[in-house]
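Student: Hello! Could you show me how to read a new structure, one feature at a time?

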Amino acid sequence: KADLVQLEQVVVNLVVNARDAMPNGGSITVRTRNMPEAEAAMLTYTGMPAADYVLIEVEDTGTGMTPEIMEKIFEPFFSTKELGKGTGLGLSTVYGVVKQSGGFIFADSTLGEGSTFSLYFPAHDPVEVVETPPEPRRRSVRQGAGVVLLVEDEAPVRAFAGRALRLRGYTVLEAENAE
């Protein structure tokens, strides 16, 4: 249950960073899958409770990151890119969107081999709400008893009203004017 535009921005930011981490080429893999609570319970990530998740992984075969860089990657304005090549807001934005959606993000990296960013979003199982349409209001239409004098100068209007009254059980006397 996440904002589609923000989720697209997250994936694009991660893929662009992965591309930039591979100056000599390589491969980027984006995977998604459902992760049941039992599997999530076996993970050792700090602060992430066992639950059903939707996992999005972005993996690259790039240069990887040192532990010192890994400690700072989600900080605003931190960048390893050359001056003018990045704002340092990409990963902090990714982090913010993931957290805002109730999710978790973790990065694993090996220098010289590449990095994997794993995003865990709480699985949303929409409960199908079957709305029963309101029952039409049933007007208690009383059957008429008696005689109605209907005075109407417009013949079509008089005919319509007269018919409606007759269908309700009234005896109708029609007149086109008061005379």
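Tutor: Gladly! Let's begin with angles: each axis is a line fitted to C-alpha atoms, and angles run from 0 to 180 degrees between N-to-C directions. Keep in mind that this is a predicted model. Here, α4 lies across β3 and β4, and runs at about 140° to β3.

Student: What is the strand order of the open sheet?

Tutor: In general, strands of a sheet pair through backbone hydrogen bonds, either parallel or antiparallel. In this model, four strands form an open sheet in the order β1-β2-β4-β3, and the pairing is antiparallel. At the edges are β1 (28-35) and β3 (104-110), each of which pairs on one side only. From one strand to the next, the twist averages 15°.

Student: Over how many bridges do strands β2 and β4 pair?

Tutor: Strand β2 (residues 53-60) and strand β4 (residues 114-122) are joined over eight bridges, in the antiparallel sense. Asp 60, for instance, has Ser 115 in β4 as its bridge partner. Helix α1 (residues 4-20) packs on the sheet and touches β1, β2 and β4. The direction of α1 makes about 25° with that of β2.

Student: Is Ser 92 buried or exposed?

Tutor: Buried means under 20% relative accessible area. Ser 92 has 14%, so this residue is buried. Ser 92 belongs to helix α4 (residues 90-100). Leaving aside neighbours within four places in sequence, Ser 92 is in contact with Phe 74, Glu 75 and Pro 76.

Student: Which residues make the nonpolar surface patch?

Tutor: Val 147, Leu 149, Val 151 and Leu 173 make this patch of about 390 Å². Strand β5 (residues 147-151) gives the largest share, three residues. Val 151, found in β5, is partly exposed, with a relative accessible area of 43%.

Terms used: Residues numbered from 1 in each chain as written. Predicted model: local features only at pLDDT ≥ 70, side-chain atom pairs only at ≥ 80, totals over all residues. Heavy atoms only, no water. Helix = DSSP H or I, 4+ residues; strand = E, 2+ residues; numbered from the N terminus. Buried < 20%, exposed > 50% of the residue type's maximum accessible area, 1.4 Å probe, protein only. Contact = heavy atoms within 4.5 Å. Patch = residues over 30% accessible without salt bridge, like charges linked within 9 Å, V, L, I, M, F, W, Y side chains within 5 Å. Areas by Shrake-Rupley, 256 points an atom, 1.4 Å probe, with all protein chains shown as cover. Salt bridge = Lys/Arg side-chain N within 4 Å of Asp/Glu carboxyl O. Pairing = 2+ DSSP bridges.
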